[in-house]
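Thanks for coming. Let me put the model up, and then we go through contacts, backbone and surface.

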Number of protein chains: 2
Amino acid sequence: MELTEAGPEAGPGTTRPGGRTARVRAAVLRAAGDVLAEQGFAHLDLADIARRAEVGKTTVYRRWGSVTGLVTDLLLDMAQQSVPRTETGSLLGDLKANTGLVRRTLADPRQGALFKAVIAAATCDPKAAEALHGFYAVRVEEWAPCVEQAAARGEVPGGTDAHEVIRAASAPLYYRLLTTALPLDEAAADRAATAAAAAARAGAYVREA
Amino acid sequence: MELTEAGPEAGPGTTRPGGRTARVRAAVLRAAGDVLAEQGFAHLDLADIARRAEVGKTTVYRRWGSVTGLVTDLLLDMAQQSVPRTETGSLLGDLKANTGLVRRTLADPRQGALFKAVIAAATCDPKAAEALHGFYAVRVEEWAPCVEQAAARGEVPGGTDAHEVIRAASAPLYYRLLTTALPLDEAAADRAATAAAAAARAGAYVREA
């Protein structure tokens, strides 16, 4: 079970706490994630998901209503399951932990394809976009304290926008994934962290007065 | 007519040089861009494009073959039409010119929607992905000399990877567009340029030996 930004990669046999409703939800979201990762957003079909999850079609239609409803709930679940940040005692160490996690997530065949699919879904559906923005807001919020701690230690100037620094660390990896065929290797992750830390130290993310 | 990263925004009445074949191509690509911008990738249909472009359906099927073929040709055209870089005499000035252009492109309603649509198309189609990577390779290649000139002036260390610096300047704007609802304002563009320049000066993009 590998930790990725979206949480522990639950295998098909993994059970989560909760009763039948929770088990049904886990099975349906797992199936939705599988279809998104394997075939992309365009092929998501509620009847197919129900069949894969071995859950009644009526249950899936009643509970999620539409493909958008399912993608939205999947992103909510990914945000809830997502892993806590690492504290290393330095801004560069913390940002490297962050970009390492993002890199492993995006370089993982299933998770990488899943993230591409939900980003694509968000480009053509406002509700999916809102859910996607919610997922990233949760992740940025989780890691922002590492920049606030760096400011308290005097590593970066006061007034540094912690959220911007965290977004800056992730951005090059997503840009690389979406716009190039270059590998998402450890060098790319380290470079993204090093660049964000250097720019933060130089005051590039200080909020304007 | 506003300049964006994909070239001059040609209005419906604008003509390009060339004979009938070139006019047909321009009309079809214009219609394809309109549908992508208005409705996204999922709704692209060759018969609909032919109708909008006032071109025979057979011509469109024979020449482009598929939706993927059309998206690929559109991206090739966007790369060919894309505007040359600006030289300001300093790395920060050049990078601000670059991120300003990227910001105007992504913040423009038609162009922004078009870029989202082709990025989404690339997530589920390897040929569209290859064409998208080609577009960005052209844009990065166009701007890379500004970093090489900065290295020659001693603004950044020797061995700085010019392509990485250019990608680093754009990345936060794309990340903001795709994963947040935050505005693509001038402050965001300036911050992206300032951060990339600061990180480059600090040696974050020096190639490993």
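A salt bridge here is a side-chain nitrogen of Lys or Arg within 4 Å of a carboxyl oxygen of Asp or Glu. With that in hand, look at chain A. E38(A), D48(A), R51(A) and R52(A) are linked in a network of such bridges.

Now the ground rules. This is a predicted model: local features need pLDDT of at least 70, side-chain atom pairs count only at pLDDT 80 or more, and totals for chains, interfaces and linings use all residues. Residues are numbered from 1 along each chain as its sequence is written, chains are lettered from A and ligands numbered from 1 in the order in which they are written, and side-chain values use heavy atoms, with hydrogens and water left out.

Back to salt bridges. How many does the structure hold over all chains? The count is 24. Side chains of opposite charge can pair when their charged atoms come close.

Take E164(A) and R176(B). Their closest N and O atoms are 2.8 Å apart. E164(A) sits in helix α8 (residues 162–179) of chain A and R176(B) in helix α8 of chain B, so this pair joins two chains. Helices, by the way, are DSSP runs of H or I with at least four residues; strands are runs of E with at least two, and numbering goes from the N terminus.

Buried or exposed? E164(A) is buried, at 9% relative accessible area. R176(B) is buried too, at 8%. The cut-offs: buried is under 20% relative accessible area, exposed is over 50%, and partly exposed is in between, with a 1.4 Å probe and protein chains only.

Next, R191(A) and E164(B). This salt bridge has its closest N and O atoms 3.3 Å apart. R191(A) belongs to helix α9 of chain A and E164(B) to helix α8 of chain B, so here again a pair joins two chains. R191(A) is buried at 19%. E164(B) is buried at 10%.

One bridge within chain B. R25(B) and D73(B) meet at 2.9 Å, N to O. R25(B) lies in helix α1 (residues 20–39) and D73(B) in helix α4 (residues 67–81) of chain B, so the pair ties together parts 48 residues apart in sequence. Both residues are buried.

On to the rings. A pair of aromatic rings is described by the distance of the centres and the angle of the planes. Rings of Phe, Tyr and Trp (its six-membered ring) pair if their centres lie within 6.5 Å; planes under 30 degrees apart are stacked, over 60 edge-to-face, and the rest tilted. A search of the whole structure finds 10 aromatic pairs over all chains.

Why is the pair F135(A) and Y136(A) edge-to-face? Because the ring centres are 5.1 Å apart and the planes stand at 85°. F135(A) is buried at 1%, and Y136(A) is buried at 3%.

In chain B, Y136(B) and Y174(B) are also edge-to-face, 5.6 Å centre to centre with 80° between the planes. Y136(B) lies in helix α7 (residues 126–152) and Y174(B) in helix α8 (residues 162–179) of chain B, so the pair ties together parts 38 residues apart in sequence. Y136(B) is buried at 3%. Y174(B) is buried at 2%.

Which rings form a cluster? Ring pairs link F115(A), F135(A), Y136(A), Y174(A) and Y175(B).

Now the backbone. Most residues other than glycine have a negative phi, and most peptide bonds are trans. E54(A) has a positive phi, near 55°. E54(A) is in the loop between α2 (46–53) and α3 (57–64) of chain A, and is exposed at 74%. In chain B, E54(B) has a positive phi of about 55°. E54(B) is in the loop between α2 (46–53) and α3 (57–64) of chain B. E54(B) is exposed at 73%.

R85(A) sits between α4 (67–81) and α5 (91–107) of chain A. R85(A) is buried at 18%. R85(A) and L101(A) are 16 residues apart in sequence and 9.4 Å apart in space, C-alpha to C-alpha.

Back to helix α9 of chain A for a last stop. E186(A) is found there, in residues 186–201, and is exposed at 57%.

That is the tour. Over to you.
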